[in-house]
Amino acid sequence: MKPLPIEENHSHISRRHLLAAGCAALAGGSLRADDNTQSGDQAAANGAAQADRVPLILHQTDLFRPHGDPDDHFDLATVFALALRGQAKIAGIVIDSPPPRRVGDPDVAAIAQMNRLCGLCVPAAVGSGPLMSSITDSMPQLDRTDCGAIELILSALRGAPGRLHITCVGSASDIAVAALRDPELFAGRCAAIHLDAGSAHDNPDRPEQLEFNVSLNPIAYASLFSSPAPICWYPCWDTTESWQCGPNGAFYKMSHRVALDGISKRLRNFFTFMLDRTESAKWLAALDADMDDRHWEEILTHNRGMWSTASILRAAGQTVTRDGDIVPEDAIDPNDTLYRMESIEVTCTSDGFTTWKHSEKKTNRQIFHILDLERYPLAMGHAVNTLLKEF
Ligand SMILES: [Ca+2]
């Protein structure tokens, strides 16, 4: 292990990145000595099989313009960066219907910008407005205009060549209803719901307080814990709204100067267009706008609360070392392990409060656990920077 300086050692990251990519390719069977002796049909078949092994992700988010919290735009860029690295395919993006407290509309422009920057055509749908009345309410009465996100989730599961990972970094509303409408589909085709919500422990000073994502729809959140799909749970907080790192909370504070160092002009414009809370509809022109270096320098002085990076990486089979390198989860040196998932038993009341304990047996409920709290924030910031430099 090495100290994590604020100034990135780019050559180190690049070398480790290449080594990790080599490991991933070997694990996937793509670097074979006899590749050049295959027939065209064999090569095509192998290529298709290999493509099927690339994790498929559907990303759920509360992504708005003007933004409610810019972390969702960083998470969106994380998902698309994994696609650029060939480490994930994106089945679709589901955006919450804006809750009353938000002034923004679903930011489909940000998805259009990401598609443009990546040369992709990832579909997006806006979630339902009405909320479930109970944890078993599949909302059969929903108007069809409220069903686009639910249908996108179900069609992504049905169409997945393997199994679908779902990353949930906003409310659980549409995933919960989709799971109730077709539990067998979720049981058979969902690799995991990577749930970024809740707290590992209630705040003793405010025991009635819910974490923000849970508060958006506590019944839907509770319903997911009864889902037949595996749940990988990344509580936003170790202790509710404490704004501190803790062993079972995914929160970290990220410096813009670390995360945004050396990114492309167009990605700078993506973030500036969002951070400035502009309501301009000129999303395409914005990507190629002239940069104001002084304004960008001011942006770099800010810090950002982040919660979901580990979950999105894990959906793609990737993890982060104590040095901040991104490596395949199945190839990490145990001494480098920054965090891991642990089997638990967990229940959730319909008002969104969880009770959990570790399980000796392997279960289909896992909780996030940080092993090196001191290095976690900066290591995650470096990982985000590695991803953002893909654009
Ligand atoms: Ca969010």
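The contact involves His73, Leu76, Ala77, Phe80, Ala83 and Leu84 of H3 together with Ala110, Met114 and Cys118 of H4, contact being defined by C-beta atoms, placed from the backbone, within 7 Å. The structure is a predicted model, in which local features need pLDDT of at least 70, side-chain atom pairs count only at pLDDT 80 or more, and totals for chains, interfaces and linings use all residues. Residues are numbered from 1 along each chain as its sequence is written.

The axes of H3 (residues 71-84) and H4 (residues 108-118) come within 11 Å and cross at roughly 25 degrees. H3 is therefore roughly parallel to H4, a term applied to angles under 35 degrees.

Within H4, Ala109, Ala110, Ile111, Gln113, Met114 and Leu117 are buried (20 or more other C-beta atoms within 10 Å of the residue's own, C-beta atoms being placed from the backbone). The elements covering these buried residues include H3, strand S3 (89-95), strand S5 (124-126) and helix H11 (265-275). Gly119, which follows H4, has a positive phi near 65 degrees.

S3 and S5 also belong to an open sheet of 9 strands with mixed pairing, ordered S5-S3-S1-S6-S7-S9-S17-S15-S16; pairing requires at least two DSSP bridges between two strands. S5 and S16 (354-358) stand at the edges, each with a single partner strand, so one side of each lacks a neighbour in the sheet. Strand S1 (residues 56-61) runs parallel to S3 and is joined to S3 by 6 bridges.

Conventions
Axes fitted to C-alpha atoms, helices over the stretch in contact; angles between N-to-C directions. Helix = DSSP H or I, 4+ residues; strand = E, 2+ residues; numbered from the N terminus. Parallel < 35°, antiparallel > 145°, perpendicular 65-115°, else oblique. Contact = placed C-beta atoms within 7 Å. Buried ≥ 20, exposed ≤ 12 C-beta atoms within 10 Å, placed from the backbone.
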